[in-house]
Amino acid sequence: MIYEFAKLKIKIEVPYKDFDIFAKDYISKDDNYDLLIEVNKEDVQKELDLSEEKTFSNEYLQTCAVLRKLSSIFPKYNRLLMHGAVIEYEGNGYMFSADSGTGKTTHILLWRKFLGDKVKIVNGDKPFLINQKDHIEVCGSPWCGKENYQRNVIVPLKGICFIERGKENKIRKLTTLEAMHRMFKQIYFPKDSEAFSLAMDVVSGILEKVDIYLLQCDISKEAVKTSFEMMTKGVKHEN
């Protein structure tokens with residue numbers, strides 16, 4: 001079956017059932033495709049070997065195997081997978097990233113709570129990024145975390161915000177070096193040296209075109225006010 005992820009039509013062949021159900025919102029009606037992803041039972045077994053949890057189903061593990069292969073190939077097409085939760089506000093995308101359990105999902109839900117229907121969730125965990133000539137686009141994906149927050153949409157990415165828990169709410173723009181250090185922990189980098197180099201080109205594009213912040217916050221309305229006012233005012237990135 002052919003799917004469309006991050007503006008690429010991809011034929012995906014898997015050994016177990018239900019991938020079409022998992023990625024139903026991304027099924028393409030086109031018979032043509034840009035690339036082929038093949039996952040076999042050995043790939044699924046490798047995912048089980050890498051996992052700390054040994055009770056995952058083959059159907060779940062094959063989604064992990066597909067994502068791993070996509071993430072390895074995407075840098076050749078100016079694309080990346082990044083760990084983060086993305087919302088859309090007035091047509092623009094804003095990403096919140098943090099180590100698991102820190103509160104990125106909580107923060108995007110606070111945006112929805114206090115800003116209402118103007119805020120729509122794009123993806124809750126693993127969106128794709130496209131490095132375009134003059135901007136970065138962020139794309140929904142079915143790899144979206146346990147809450148299953150996702151939409152098959154593509155929006156321009158206007159800001160990335162790394163979150164830390166704090167007793168007071170404050171935000172600042174990161175330097176390029178600071179931003180790169182934090183991004184490295186949240187991006188999937190291929191092991192292949194050529195693909196790694198291409199992934200670094202995408203990272204460079206993101207650092208050049210997107211403002212990147214550090215937010216220290218609690219779970220209050222003030223936290224939303226702090227991030228919202230900084231991220232949506234359109235100030236240029238400063239090194």
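A: Buried means under 20% relative accessible area and exposed means over 50%, with partly exposed in between (1.4 Å probe, protein chains only). The model is predicted, so local features need pLDDT of at least 70 and side-chain atom pairs count only at pLDDT 80 or more, while totals for chains, interfaces and linings use all residues. Residues are numbered from 1 along each chain as its sequence is written, and side-chain values use heavy atoms, with hydrogens and water left out.

Q: How many aromatic pairs does the structure hold?
A: Rings of Phe, Tyr and Trp (its six-membered ring) pair if their centres lie within 6.5 Å; planes under 30 degrees apart are stacked, over 60 edge-to-face, and the rest tilted. The structure holds 18 such pairs, and among them is the tilted pair of Phe-19 and Trp-143, at 6.3 Å centre to centre with 45° between the planes. This pair links distant parts of the chain, since Phe-19 is in helix H1 (residues 19-22) and Trp-143 is in the loop between strand E9 (136-139) and strand E10 (154-165), 124 residues apart; helices (H or I, at least four residues) and strands (E, at least two) are DSSP runs numbered from the N terminus.

Q: Are Phe-19 and Trp-143 buried or exposed?
A: Both are buried. In another pair, the ring centres of Tyr-89 and Trp-111 are 6.4 Å apart and the planes lie at 85°, so this pair is edge-to-face. It too joins distant parts of the chain, Tyr-89 being in strand E5 (residues 85-89) and Trp-111 in helix H4 (residues 104-115), 22 residues apart, and both Tyr-89 and Trp-111 are buried. Ring pairs also link Tyr-3, Phe-5, Phe-19, Phe-22, Tyr-26, Phe-74, Phe-128 and Trp-143 into a cluster.

Q: What is the order of the strands in the open sheet of three?
A: Strands of a sheet pair through backbone hydrogen bonds, either parallel or antiparallel. Here the order is E1-E2-E3, with mixed pairing, where two strands pair if DSSP finds at least two bridges between them. Strand E1 (2-5) and strand E3 (35-38) are the edge strands, each pairing on one side only, and the twist averages 35° from one strand to the next. Strand E2 (residues 8-13) pairs with E3 in the parallel sense over four bridges, and Glu-38 in E3 is the bridge partner of Glu-13.

Q: Which bridges join E5 to E7?
A: Four bridges join E5 to E7, and the two strands run antiparallel, with Ile-87 standing opposite Ile-121 in E7. Strand E7 (residues 119-123) is mostly covered, four of its five residues being buried.

Q: How far apart are the end C-alpha atoms of helix H6?
A: The expected span of a helix is 1.5 Å times one less than its number of residues. The 17 residues of H6 (residues 193-209) should therefore span 24 Å, and the end C-alpha atoms are 25 Å apart, which agrees. Buried residues of H6 include Ala-195, Ala-199, Met-200 and Val-203.

Q: Which phi value does Ala-6 have?
A: Most residues other than glycine have a negative phi. Ala-6, although not a glycine, has a positive phi of about 50°; Ala-6 lies in the loop between E1 and E2 and, at 4% relative accessibility, counts as buried. Asp-18 also has a positive phi, near 80°; Asp-18 is found in the loop between E2 and H1 and, at 34% relative accessibility, counts as partly exposed.

Definitions and conventions
Axes are lines fitted to C-alpha atoms, for helices over the stretch in contact, and angles run from 0 to 180 degrees between N-to-C directions.
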